[in-house]
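Please look over the sequence and the model before reading the points below.

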Amino acid sequence: MEDIEIDEVATPALEDPVLIEGLPGVGHVGKLAAEHLLEEFDSELVRRVYTTEFPPQVSVDDEGVAELTCAEFHAVEAGGQDLLVLTGDHQAGTNAGHYRLTTTFLDVAASFGADRAFALGGVPTGELVEEYTVLGAVSESGMVDELEAVGVEFRPDEPAGGIVGVSGLVLGLGGRRGFESACLMGETSGYLVDPKSARTVLEALSELLGFEVGYDSLEDRAEEMEEVIGKIQEMQEGPAPTDDDLRYIG
């Protein structure tokens with residue numbers, strides 16, 4: 001196959017669509033948020049993007065049918081706002097691949113008439129988060145007031161080290177070609193999948209774009225993660241294991 005191949009699955013007419021990127025990253029925040037939009041709203045698969053930059057593997061469905069790993073674009077109508085939601089299970093494996101793949105993603109978005117983009121992701125704190133905050137970065141300063149109005153924070157020197165991967169390049173490459181782009185980053189420990197952070201990001205996004213969405217499934221996942229966190233904390237606070245506890249039994 002070619003380095004990048006695009007399957008045109010459907011080409012619906014969209015009105016002023018907004019690109020929403022939610023690929024895997026810190027805490028899987030962006031991926032959780034994007035997939036939640038697909039669960040909560042009617043969506044239509046419109047493009048599959050295959051690339052040799054993804055791992056050499058296939059996914060297998062419940063009936064045993066294999067599909068080469070890819071990224072997908074779905075058209076979503078969210079309360080009168082058309083969205084073009086990009087998600088998948090992988091990012092590119094090389095620096096050059098990130099650039100080529102993000103350029104392709106922006107090409108697809110532009111072909112549907114999108115000129116605004118929001119990259120969704122997480123920013124690691126290194127510790128468990130009690131009060132979640134969304135940090136922002138934008139391709140142009142004129143967007144700052146709009147994001148601050150919905151509670152997004154802009155902090156000097158954060159995120160430390162900048163924004164890597166597709167989310168960063170949606171701003172960098174997108175801004176260079178005229179996309180009004182922003183990255184919404186939910187604070188997260190960075191250790192675990194974080195549905196609460198994903199919800200905080202979606203709350204900011206929905207207010208920005210003027211749609212309403214339910215959060216029941218994210219709340220269920222958050223409760224599951226709370227149980228996991230509770231067990232971890234018990235292990236951290238419990239007595240140190242004895243030699244007998246650590247002995248291998250085979």
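Lys31 and Glu35 both belong to helix 1, where four residues, or about one turn of the helix, separate them. The model is predicted. A search of the whole structure gives 13 salt bridges, and the pair Lys31 and Glu35 is one that meets in a salt bridge.

**Helix 1**

- Helix 1 covers residues 29–40, twelve residues in total.
- From its first C-alpha to its last, helix 1 reaches 17 Å, close to the 16 Å expected at 1.5 Å a residue.
- Nine of the twelve residues of helix 1 are buried, so the helix is largely enclosed by the rest of the structure.
- The buried residues of helix 1 are Val29, Gly30, Lys31, Leu32, Ala33, Ala34, His36, Leu37 and Leu38.

- Side chains of opposite charge can pair when their charged atoms come close.
- In the salt bridge between the side chains of Lys31 and Glu35, the N to O distance is 2.6 Å.
- Lys31 counts as buried because its relative accessibility is 9%, under the 20% cut-off.
- Glu35 has a relative accessible area of 26% and is therefore partly exposed.

**The salt bridge between Glu187 and Arg155**

- The side chains of Glu187 and Arg155 meet in a salt bridge, at 3.0 Å from N to O.
- This pair links distant parts of the chain, 32 residues apart.
- Glu187 lies in strand 10 (residues 180–188), whereas Arg155 lies in the loop between helix 3 (144–148) and helix 4 (165–176).
- Glu187 is buried, with a relative accessible area of 12%, while Arg155 is partly exposed at 27%.

- Arg199 forms a salt bridge with Glu203, and their closest N and O atoms are 2.9 Å apart.
- Arg199 and Glu203 are separated by about one helical turn because they stand four residues apart in helix 5 (residues 195–209).
- Arg199 has a relative accessibility of 25% and so counts as partly exposed.
- Glu203 is also partly exposed, with a relative accessible area of 33%.

Notes: Residues are numbered from 1 along each chain as its sequence is written. This is a predicted model: local features need pLDDT of at least 70, side-chain atom pairs count only at pLDDT 80 or more; totals for chains, interfaces and linings use all residues. Side-chain values use heavy atoms; hydrogens and water are left out. Helices (H or I, at least four residues) and strands (E, at least two) are DSSP runs, numbered from the N terminus. The expected span of a helix is 1.5 Å times one less than its number of residues. Buried means under 20% relative accessible area, exposed over 50%, partly exposed in between (1.4 Å probe, protein chains only). A salt bridge is a side-chain nitrogen of Lys or Arg within 4 Å of a carboxyl oxygen of Asp or Glu.
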